[in-house]
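Hello,

Here is the structure I said I would pass on. My notes on it follow below.

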Amino acid sequence: MSLSTTLTINGVTRTIELDDPRVTLLDLLRERLNLTGTKKGCDRGQCGACTVIVDGRRVNSCLALAVSHDGADVLTIEGVAQASRLHPVQEAFIAHDGLQCGFCTPGQIMSAIGLIQEGQTGDDPERVREAMSGNLCRCGAYRGITEAVLEAQKTLDAASRKEVA
Amino acid sequence: MKNFDYVRPATVREATSAAAKPGAVYLAAGTNLLDLMKGGVTKPDRLVDITHLPGLDRIEDLADGGVRIGALVRNADLAHDRNFARRFPAVVEALLSGASAQLRNAATVGGNLLQRTRCAYFYDPASACNKRNPGSGCDARGGDNRLHAILGWSESCIATHPSDLCVALVALDAIVEIEGRAGRREIPLEAFHRLPGDRPDRETVLEPGELIVAVRLAAEAAHFADHARYLKVRDRTSYAFAVVSAAAALRLKGGVIEEARIAMGGVALKAWRAREAEQILTGARAGTALFARAAELALADAKPSGDNAFKIELARRVVARTLALAAAGTPERTPALPGSPFAAISGVLTHA
């Protein structure tokens with residue numbers, strides 16, 4: 001059975017022929033498009049390492065069937081930096097040591113970008129922790145992650161105010 | 001994962017026809033289904049993808065003051081709809097207490113109703129499970145069962161239904177709209193999930209091919225908005241299923257309860273409405289002694305199904321505290337830790 005799905009991934013639209021309907025968005029990115037920045041942790045929606053942004057919303061790509069997402073716009077960790085300039089969330093993770101081994105980091109960063117777009121947490125660290133609970137970090141870098149999210153949010157807020165002004 | 005045929009119907013009629021065939025299941029976000037398929041727990045022959053069906057993703061205010069929530073509305077979209085949150089705050093608190101932000105962004109309302117139990121023996125294809133493999137037995141009975149049911153269970157099955165959303169919706173008398181080949185019908189959500197009896201494999205009243213198209217709340221459900229809460233005790237503060245949870249909604253006038261609604265989660269294979277407890281609250285003056293009596297009544301029929309007698313007392317305390325929280329008033333905004341007993345809200349009596 002041949003199934004085709006058209007996806008816009010990091011701004012590039014491509015039509016992909018799938019020979020198997022079981023392919024998840026995660027496996028499509030990693031195994032077929034060589035976008036290995038998105039990580040496979042539990043592969044069951046429990047760890048958040050596979051988080052990407054689909055149509056503006058952070059989701060677990062391991063629980064998304066590629067064929068069902070025909071027409072979707074996907075943003076992965078490979079698409080967040082502009083040329084040689086890191087995304088403010090990436091910069092904040094480095095500044096606040098929001099990682100140790102780094103395996104969960106792409107998922108953490110994509111989740112943080114989604115969180116900031118959702119605009120529900122304000123500057124309350126408790127709300128940030130709650131909103132990041134779908135991303136596990138086995139190294140336990142949570143404190144730095146929370147600080148990084150709060151600072152990146154401030155940076156992005158200031159930047160958007162500047163744009164408006 | 002077993003291979004399957006993938007079909008993408010363009011209309012509800014095409015969908016119900018495609019899903020009526022044996023071995024067919026609906027695919028919405030897939031947040032539960034794909035997990036089950038990866039574990040070999042469910043092995044459908046055909047996935048009928050309803051995510052591209054038009055018109056099922058709307059939250060509509062109805063002329064009679066009620067609200068109609070399309071089956072494909074995502075949990076996060078419902079929780080962050082300001083108008084809905086203002087009128088049905090306990091539903092929002094229940095939604096936000098469940099899963100993770102990523103899952104809430106994907107998971108749908110219809111899928112929430114149809115999610116399967118989280119019983120570890122159901123999830124383990126090597127274990128006996130009457131729900132997964134009818135007639136094979138129930139390894140949960142003699143197994144690790146501290147989280148299992150205390151109400152409505154049978155010798156065949158002691159699993160619980162994991163939904164938070166359903167608990168708040170059952171308390172508010174939600175109606176499920178169903179479409180099948182024979183047309184449209186609707187039933188109360190409370191009657192939608194079946195208790196296990198001797199057929200735990202039959203989980204809902206849906207007939208083959210029938211599709212949930214919407215969930216409805218009547219205008220009266222919004223009358224509780226000032227005193228409606230959801231409380232959920234879990235093994236960790238966030239991103240965990242309920243050990244025990246409760247939704248409580250009160251209509252209060254001068255300290256007297258005019259109408260009360262209570263439902264519990266994590267205690268049975270469906271969200272469990274406590275009508276006798278509601279009755280003794282009606283017309284009485286709100287207070288901790290009254291709430292403790294209501295909690296006793298809510299658990300009057302409870303029986304441990306294994307190593308879980310603690311859940312009966314825990315459920316009494318959760319019911320009493322949820323009533324106290326509801327009486328104290330719905331907070332301006334859902335707490336930072338939704339539904340958590342650790343959420344600090346000034347002015348609320350947290351130890352009922």
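This is a predicted model: local features need pLDDT of at least 70, side-chain atom pairs count only at pLDDT 80 or more; totals for chains, interfaces and linings use all residues.

The covered residues of H5(A) are A:Gly144, A:Ile145, A:Ala148, A:Val149, A:Leu150, A:Ala152 and A:Gln153, which are its buried ones.

Chain B has 12 strands and 12 helices. Its radius of gyration is 20 Å, and the globule rule gives a value close to that, 20 Å, for 352 residues, so chain B is as compact as a globular protein of that length. Along the principal axes, the C-alpha atoms of chain B fill a box of roughly 60 × 50 × 35 Å. Of the 352 residues in chain B, 53% are buried. For contacts in chain B between residues at least 6 apart in sequence, 66% join residues at least 24 apart.

On the interface: 26 residues of chain A are in contact with 22 residues of chain B. On the chain B side, helix H2 (33–38) and helix H6 (101–106) each supply at least two residues. H6(B) gives the largest share, five residues. By type, the residues on the side of chain B that touches chain A are 11 nonpolar, eight polar and three charged.

Regards

Notes: Residues are numbered from 1 along each chain as its sequence is written. Chains are lettered from A and ligands numbered from 1 in the order in which they are written. Two residues are in contact if their C-beta atoms, placed from the backbone, lie within 7 Å. Helices (H or I, at least four residues) and strands (E, at least two) are DSSP runs, numbered from the N terminus. Ala, Val, Leu, Ile, Met, Phe, Trp, Tyr, Cys and Pro count as nonpolar, Asp, Glu, Lys and Arg as charged, and the others, Gly among them, as polar. A residue is buried if 20 or more other C-beta atoms lie within 10 Å of its own, exposed if 12 or fewer, and partly exposed in between; C-beta atoms are placed from the backbone. The radius of gyration is taken over C-alpha atoms; the globule rule is 2.2 Å times the number of residues to the power 0.38.
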